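My entries follow in the order I looked things up.

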Amino acid sequence: MKARKKSWEEKVDLVKDSYYRAASHKFFAERFYKYLFYLKPSIKEYFKNTDFEKQEEVIIDGLDFMFGYISGDDKNARVQFLRLCKTHNKKNMNIHPHNYYYWIEALIMAGKECDANWHDDLEYYWREVVSFPVMFMSSMYLSDAE
Ligand code: HEM
């Protein structure tokens with residue numbers, strides 16, 4: 001096992017750069033949903049009324065907000081990410097927290113396929129960096145439940 005010496009800030013920068021390279025790939029969002037439904041087919045149920053052409057655009061905005069939220073210095077990204085936490089919580093779309101595991105894995109699979117400069121360590125960095133906002137979002141599941 002290799003010693004992991006990078007700081008959190010270095011890993012955030014590496015993952016953000018990798019994300020922006022991957023997201024510039026025409027099919028990144030499409031691949032992400034393909035992997036998500038492959039890893040857990042029942043997730044499709046949540047999307048039975050979804051217009052995927054639109055969803056593939058808004059998920060990129062959502063990911064941009066999520067990466068802005070991680071750095072903490074982008075107020076609009078923070079406000080938008082909090083709004084997303086609310087739309088996904090129990091009272092609204094009712095995305096049960098266990099689904100976030102598959103969401104992270106599908107995101108990494110799409111990143112791996114679409115980032116032209118992918119290297120193996122990025123997989124660890126993505127998983128670590130993305131776990132912070134995703135844990136935050138899933139912890140908001142019951143935030144305004146009755
Ligand atoms: C941090 C993780 C996530 C982010 C950043 C995110 C982002 C987004 C964004 C930007 C939208 C567009 C609608 C809106 O603004 O509310 C959306 C909608 C949606 N998301 Fe997520 N999402 C996340 C996790 C999940 C997970 C884990 C699931 C289910 C497994 C999920 C299911 C949905 C569904 C069903 C919609 C509605 C689609 C429609 O409008 O028909 N999301 N998400």
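Entry 1. I listed the buried residues of helix H6 in this predicted model. They are Asp121, Leu122, Tyr125, Trp126, Val129, Val130, Ser131, Pro133, Val134, Met137 and Ser138. An α-helix has 3.6 residues a turn, so residues three or four places apart point the same way. I then looked up what the buried residues of H6 pack against, and found helix H1 (8-23), helix H3 (52-71), helix H4 (75-88) and helix H5 (99-114).

Entry 2. I checked the length of H6, which covers residues 121-139. Its 19 residues should span 27 Å at 1.5 Å a residue, and the end C-alpha atoms are 27 Å apart, so the two values agree. I also looked for a bend in H6 and found one of about 35° at Ser131. A proline, Pro133, follows within four residues of that bend.

Entry 3. Which protein atom is the donor to the iron atom of the ligand? I found a single one, NE2 of His88, 2.0 Å away. His88 belongs to helix H4.

Entry 4. I turned to the largest pocket, which holds about 650 Å³ of space. I counted 26 residues in its lining, and those closest to the centre are Tyr33, Gln55, Ile59, His88 and Met93. Two or more lining residues come from each of helix H2 (28-39), H3, H4, H5 and H6. H3 gives the largest share, 8 residues.

Technical notes. Residues are numbered from 1 along each chain as its sequence is written. This is a predicted model: local features need pLDDT of at least 70, side-chain atom pairs count only at pLDDT 80 or more; totals for chains, interfaces and linings use all residues. Side-chain values use heavy atoms; hydrogens and water are left out. The expected span of a helix is 1.5 Å times one less than its number of residues. The bend at a residue is the angle between axes fitted to the seven residues ending there and the seven starting there. Buried means under 20% relative accessible area, exposed over 50%, partly exposed in between (1.4 Å probe, protein chains only). Contact means heavy atoms within 4.5 Å. Donors are N, O and S atoms within 2.8 Å of the metal (3.2 Å for Na, K and Ca); water is not among the atoms, so sites may look incomplete. On a 1 Å grid over the protein atoms alone, a cavity is a set of points where a 1.4 Å probe fits but cannot get out, and a pocket is an open set with protein on both sides within 12 Å along at least five of seven lines; lining residues have an atom within 4 Å of a point. Grid points are joined across faces, edges and corners, and a volume is the space filled by probe spheres set on the points.
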